[in-house]
Amino acid sequence: MADKGDQAKVATPMDTDAAKDPNQVGGSGEAEPTRDMTELIKDGKNAKSIVCERCNSKILLPGVAEFVTKEIFLPHMKKKSEQQKATDGENLSEHWVVSDMMTFENVGFTNTVGTAKYLICADCEVGPVGWHDVTDKTKYFIALDRVQHK
Amino acid sequence: MAKTYDFLFKLLLIGDSGVGKTCVLFRFSEDAFNSTFISTIGIDFKIRTIELDGKKIKLQIWDTAGQERFRTITTAYYRGAMGIMLVYDITNQKSFDNIRNWIRNIEEHASADVEKMILGNKCDMDDRRAVSKEKGEQLAIEYGIKFMETSAKASINVEEAFVTLARDIKSKMDRKMDATGQQKSGGVKVTEKESQKKSGWKFCTLL
């Protein structure tokens, strides 16, 4: 996989949580999508609006993003335990991708960590919901697991 | 892919630290359920989409987080900005007094036709008002710019403020486009004048 470098940018024991998480796609990485995508994809693009799972803020309109599988490490969005470190997270492999940041209806970008910027909800600031590598201005990822489809 | 919007406006939030610029746009939710990751690394900018007169407008909005002393903010920071929100905290007199310094800084470093607006923000809920609404209005009138009081925590007027600023930018653009569209030869003349001025200025410095 070409993305090992991406994951290394967050200095953390990145495999611990992923390994424990039963929902994790198996070791194969480029695996088949774990969910039924037929309702979510239409003409190769997202069939539904992509909104923040906490506050419903609109992130992407229907028909603007493509589905890709790519393993990306994202720090946890929710506090799961008192012991959780800020950089603990999980590998996620199902994403929507857009090629222009202005495609987003509403989204926030964090400061850059290494070459990564993390995407958050513009309204309630929950996140990361997605990821962007500043060295590739044509790819902005939103993790399916971190958003709602409406 | 076809462009899905009509205008892109770049906006800045400016003001002393602690006035709630962070609240106006960058909330850093203290929600216990939120991970600490985002608040640790901080937010760079946001993209928001609004509609004005049937046109879709993208706003790209930056905060000055971490470099709030106006002396440290110079031309590079203002480059490309079409609108600036000047924010003070209504419970903090100093932040209000400093708006004048911020305006001076903008006049010195930003593009001359940047749209400005003053926001008196009430960041927390306790009422410790130190600056009356009238004072804010007077200051805005003095500089000929718009004024609004916002409560970022209660989301009062925050979106309205951004829409107002965007509307002013758009009106200015529309007027400019009308002017150049109506008198094409005039437009060319202006460019000629400008280039003459430039070479004249160069000549002077050589002497």
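**A loop, an interface and some salt bridges**

Mentor: Let's start with E125(A), which sits in the loop between β8 and β9 of chain A. Keep in mind as we go that this is a predicted model.

Trainee: Okay, what's the phi of E125(A) like?

Mentor: Phi of E125(A) is near 65 degrees, a positive value in a residue other than glycine.

Trainee: And is E125(A) buried or exposed?

Mentor: E125(A) counts as buried, with a relative accessibility of 2%.

Trainee: What joins G127(A) and P128(A)?

Mentor: A cis peptide bond, with omega at about 0 degrees. P128(A) is also in the loop between β8 and β9 (130-133) of chain A.

Trainee: Where does N56(A) sit?

Mentor: N56(A) is in the loop between β3 (50-52) and β4 (58-60) of chain A. N56(A) is not a glycine, yet its phi is positive, about 70 degrees. As for cover, N56(A) is partly exposed, at a relative accessible area of 40%.

Trainee: Switching topic. How many residues of chain A and chain B are in contact?

Mentor: On the chain A side 33 residues, and on the chain B side 29.

Trainee: And how much area do chain A and chain B bury between them?

Mentor: About 2600 Å², with 51% of it on carbon and sulfur atoms.

Trainee: How many salt bridges are there between chain A and chain B?

Mentor: Five. One salt bridge between the chains brings the side chains of D123(A) and R48(B) together, at 3.2 Å from N to O. There are also 16 residue pairs in polar contact between chain A and chain B, both residues being at pLDDT 80 or more.

Trainee: Which strands of chain A supply at least two residues each to the side that touches chain B?

Mentor: Those are β7 (107-110) and β8 (116-120). The most comes from β7(A), which gives four residues to that side.

Trainee: How do the residues on that side of chain A divide into nonpolar, polar and charged?

Mentor: The side of chain A that touches chain B has 16 nonpolar residues, nine polar and eight charged.

Trainee: What does β7(A) pair with in chain B?

Mentor: With strand β2 (residues 43-52) of chain B, in the antiparallel sense and over four bridges. To find a spot to look at, go to T110(A), whose bridge partner in β2(B) is I43(B).

Trainee: Now for chain B itself. How much of strand β1 is buried?

Mentor: Strand β1 (residues 7-14) of chain B is mostly covered, as six of its eight residues are buried. β1(B) runs parallel to β3(B), joined by six bridges. β1(B) is also parallel to strand β4 (residues 83-89) of chain B, with four bridges between them.

Trainee: What are the partners of L12(B) in those two strands?

Mentor: In β3(B), the bridge partner of L12(B) is W62(B). In β4(B), L12(B) stands opposite I84(B).

Trainee: Are D53(B) and K170(B) buried or exposed?

Mentor: D53(B) is exposed, at 55% relative accessible area, while K170(B) is buried, at 7%.

Trainee: What does K146(B) form a salt bridge with?

Mentor: With D168(B), the closest N and O atoms being 2.9 Å apart. K146(B) is in strand β6 of chain B and D168(B) in helix α6, so the pair ties together parts 22 residues apart in sequence. K146(B) counts as partly exposed at 40% relative accessibility, and D168(B) as buried at 15%.

Trainee: Which residues do salt bridges with shared partners join into one network?

Mentor: D53(B), R167(B), K170(B) and D174(B).

Trainee: And what about R129(B)? What's its salt bridge partner?

Mentor: E149(B), with the closest N and O atoms 2.9 Å apart. R129(B) is in the loop between β5 (115-121) and α5 (133-143) of chain B, and E149(B) is in strand β6 (residues 146-150), 20 residues apart. R129(B) is partly exposed, at 41% relative accessibility, whereas E149(B) is buried, at 15%.

Technical notes
Residues are numbered from 1 along each chain as its sequence is written. Chains are lettered from A and ligands numbered from 1 in the order in which they are written. Side-chain values use heavy atoms; hydrogens and water are left out. Contact means heavy atoms within 4.5 Å. Buried area is the accessible area (1.4 Å probe) that two parts lose on being put together, summed over both. A salt bridge is a side-chain nitrogen of Lys or Arg within 4 Å of a carboxyl oxygen of Asp or Glu. A polar contact is a pair of N or O atoms within 3.5 Å; within protein, one must be able to donate a hydrogen and the other to accept it, and residues adjacent in sequence count only if both atoms are side-chain atoms. Ala, Val, Leu, Ile, Met, Phe, Trp, Tyr, Cys and Pro count as nonpolar, Asp, Glu, Lys and Arg as charged, and the others, Gly among them, as polar. Two strands pair if DSSP finds at least two bridges between them. Buried means under 20% relative accessible area, exposed over 50%, partly exposed in between (1.4 Å probe, protein chains only).
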